[in-house]
Amino acid sequence: NCGGKVTVGGPNANNGILFQNSKHFRLTGTGDADNKYGIFVAGSKDGSQGVAAARFSSNLEIDHIEIQKAGFAGIMVKSDPNCDPQTSAERGGPNKIGNQDFVMRDISIHDNYIHDVTGEGIYLGNSFYNGTNVYGCGVTQYPHEVRGVEINNNIVENAGWEAIQVGAAVEDVKVHSNIITDYGAANRSGQNGGIQVGIGTTGQVFNNLINKGKGPAVFIQGIGNNLVFNNVIRNAGTFGIIISNRPTPLASDVASQGFLGGVHIINNTIINSGDATLKESVNGATGNVFYNNLIVTSQNNWDQFRGDTDWVREGNLVFTNVNGAGFVDAPNLNFGLSTGSTAINAGVDVSSFGINIDFEGNTRPSGTAYDVGAYESNE
């Protein structure tokens, strides 16, 4: 944009902005200093996107865009399998139709404002990493990989489905510093989460504020080596964090029909989840840890991780109300630790996981030990 704000889209638009077969580009609304979001997507038709990048698009950056009233996702970046060998985006399998060796790489989505959309706020990568025949070709197809993802500093409000969903992202994935409010507004079962680390996805989820929604705040369905830390989760509609990890399906995948590692949930602050704070359905990964998390809940059965899974729990604290936790200003969403909080210096050393900052980017630990929860005090 140049010389002011650019408005595109609307209720009759079939995608507000669409890229196809495009690589090495940036879409940015930073062209005018007076407008933080210098490109405004005012909506799109039912079932279409605010901004979409498809058909082998890759190596792209999308930033400083405001998107409202998209007919489905605010931003969608993925290519799907189909029955045409020239355009089917598959990674392999015994019945591969596509003849393209496509890997989507280096996707950066940051500093966008997405609100009041019908489906996902941000939808990146395919949901069917483990194989599907939904594309009508008569065989099971395995969608392309994504390698190199950063989704950060976005504001997502009132998304009908998940606020942020990432799938089939097998390497170098970071979802951080986003503010998510009122997610899953349509309350569609299985599609009402805050951040969904979808099937086939590894990587880090950190320093996000997830405040109010219909379903789980963080849903981990990945392939292991998932690190979830420094998140503030408040008033999840169902579970604070739910684990349902699945192994890779192909021997030729990034891990041969297995996992990249365990799930590491560290230094999160999770407050008043509607159902259990923690839920685990399936998880075959080993080396899972739950360290230094601060839980506020009045529920006795708040921990519903499976008893037959390899979990190590250390340094966690549970309070029955926000007053007991010693927060600075909980009504105004400041969950820093006030002087005298029992969470100060009560955590275990997690430096081996590379965690050296807190929710606000301050160095941790600052005292004699790690604090519990997403914030590090200066004591």
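Biologist: Which residues touch the most other members of the largest nonpolar core?

Modeller: Val77, Leu124, Ile151, Ile241 and Ile265 do, in a core of 59 residues. Bear in mind that this is a predicted model.

Biologist: What does Val77 touch, leaving out residues up to four places away in sequence?

Modeller: Its partners are Ala53, Leu60, Ile62, Met104, Ile107, Ile109, Tyr123, Leu124 and Gly125. There is also a second, separate core. That one has 17 residues, including Leu209, Val232, Ala343 and Phe359.

Biologist: How do I read the sheet? What is the strand order?

Modeller: The general idea comes before the case. Strands of a sheet pair through backbone hydrogen bonds, either parallel or antiparallel. Here the sheet is open, with 10 strands and parallel pairing. The order runs E3-E6-E10-E14-E17-E20-E23-E26-E29-E32.

Biologist: Which are the edge strands?

Modeller: Strand E3 (23–28) and strand E32 (311–314). Each pairs on one side only. From one strand to the next, the twist averages 5 degrees.

Biologist: Take one pairing. How many bridges join strand E14 to strand E17?

Modeller: There are 6 bridges between E14 (residues 146–152) and E17 (residues 169–176), and the two run parallel. Look for Arg147: it stands opposite Glu171 in E17.

Biologist: Now the rings. How many aromatic pairs are there?

Modeller: The count is 10, with ring centres within 6.5 Å as the test. Take Phe206 and Phe229. Their centres are 4.8 Å apart and their planes lie at 5 degrees, so this pair is stacked. Stacked requires planes under 30 degrees apart.

Biologist: Which parts of the chain does that pair tie together?

Modeller: Phe206 lies in strand E20 (residues 203–206) and Phe229 in strand E23 (residues 226–229), so the pair ties together parts 23 residues apart in sequence.

Biologist: Is Phe206 buried or exposed? And Phe229, buried or exposed?

Modeller: Phe206 counts as buried, at 12% relative accessibility. Phe229 counts as buried too, at 5%.

Biologist: Why is the pair of Phe359 and Tyr375 tilted?

Modeller: The planes of Phe359 and Tyr375 stand at 45 degrees, with ring centres 5.2 Å apart, so the pair is tilted. Phe359 and Tyr375 lie 16 residues apart, both in the segment after strand E35 (334–337). Both are buried.

Biologist: Which residues do ring pairs link into a cluster?

Modeller: Phe290, Phe305 and Trp311.

Biologist: Which ring does the charged end of Arg91 sit over?

Modeller: The ring of Tyr129, at 3.7 Å from its centre. Lys5 lies over the face of Phe40, 5.7 Å from the ring centre.

Terms used:
Residues are numbered from 1 along each chain as its sequence is written. This is a predicted model: local features need pLDDT of at least 70, side-chain atom pairs count only at pLDDT 80 or more; totals for chains, interfaces and linings use all residues. Side-chain values use heavy atoms; hydrogens and water are left out. Rings of Phe, Tyr and Trp (its six-membered ring) pair if their centres lie within 6.5 Å; planes under 30 degrees apart count as stacked, over 60 as edge-to-face and the rest as tilted. Helices (H or I, at least four residues) and strands (E, at least two) are DSSP runs, numbered from the N terminus. Buried means under 20% relative accessible area, exposed over 50%, partly exposed in between (1.4 Å probe, protein chains only). A charge sits over a ring if NZ of Lys or CZ of Arg is within 6 Å of the ring centre and within 35 degrees of the ring normal. A nonpolar core is a set of buried Ala, Val, Leu, Ile, Met, Phe, Trp, Tyr and Cys residues joined through side-chain atoms within 4.5 Å. Contact means heavy atoms within 4.5 Å. Two strands pair if DSSP finds at least two bridges between them. Axes are lines fitted to C-alpha atoms, for helices over the stretch in contact, and angles run from 0 to 180 degrees between N-to-C directions.
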